[in-house]
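Visitor: I have a structure open here and would like to talk it through with you. Could we begin with its pockets?

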Amino acid sequence: MSLGTAFAFAVLLNLMLLASFVRTDGAWKPWCGFGWAMLVVFWAFGVWQTARHHASSRDLPRVHNQQDLFIRAQAEYLRGHWVEAQSLLEQLIRHNPGDIESHLLLSSVFRRSRRIEMSRRQLRRLYEFEEAAQWRFEIERELAVLDQASAANV
């Protein structure tokens, strides 16, 4: 789309330069005002498109930052650093409450740190999200593991 817009702008600009400065006879004069107005519209559209593109590219570092935080949380989890993993995951969930993977990992952090009820609450909270439907098997399996852990502690 951008290439087509740039091509149309270039063609129109060349036609307008030709009509305004080379072919100055009366036949082209009525179209000159319209042509220059169209050039302004093309230019404004290009500025708007560029601004929109730059606005969306500013969001990319935030997305990468979230991915980096999740990877760091996974690394802390695998090292057994429950407090650090929990802190990173809670930060992710505060920023994006619908992040199902962060909720699941946080539930696992709670289970590993022997906070069974907090883990169970975290998993039950996932039933509120439609996106969690694809994770139902994992949620049910994790709840079964929690039930086994509760039975072993009684």
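Visitor: Which residues line the largest pocket?
Guide: In this predicted model, the lining of the largest pocket consists of F70, E101, L104, L105, S108, R111, W135, E138, R141 and E142. The elements that each give two or more residues to that lining are α4, residues 100-112, and α6, residues 136-153.

Visitor: And which element gives the largest share?
Guide: That is α4, which contributes five residues to the lining of the largest pocket.

Visitor: Switching to the surface, which residues make the nonpolar patch?
Guide: The patch, of about 780 Å², is formed by F7, V11, L15, L17, L18, F21, V22 and W36. Helix α1, which spans residues 2-22, supplies the largest share of the patch with seven residues.

Visitor: Take V22, then: where does it sit, and is it buried or exposed?
Guide: V22 lies in helix α1, and because its relative accessibility is 59%, and exposed means over 50%, V22 counts as exposed.

Visitor: How much of the protein is buried overall?
Guide: Of the 154 residues in the protein, 29% are buried.

Visitor: Last one: how many helices and strands are there?
Guide: The protein has six helices and zero strands, so that, read along the sequence, the pattern is α-α-α-α-α-α, with helices taken as DSSP runs of at least four residues.

Conventions: Residues numbered from 1 in each chain as written. Predicted model: local features only at pLDDT ≥ 70, side-chain atom pairs only at ≥ 80, totals over all residues. Heavy atoms only, no water. Patch = residues over 30% accessible without salt bridge, like charges linked within 9 Å, V, L, I, M, F, W, Y side chains within 5 Å. Areas by Shrake-Rupley, 256 points an atom, 1.4 Å probe, with all protein chains shown as cover. Salt bridge = Lys/Arg side-chain N within 4 Å of Asp/Glu carboxyl O. Buried < 20%, exposed > 50% of the residue type's maximum accessible area, 1.4 Å probe, protein only. 1 Å grid on protein atoms, 1.4 Å probe; cavity = no way out; pocket = protein on both sides within 12 Å on 5 of 7 lines; lining within 4 Å.
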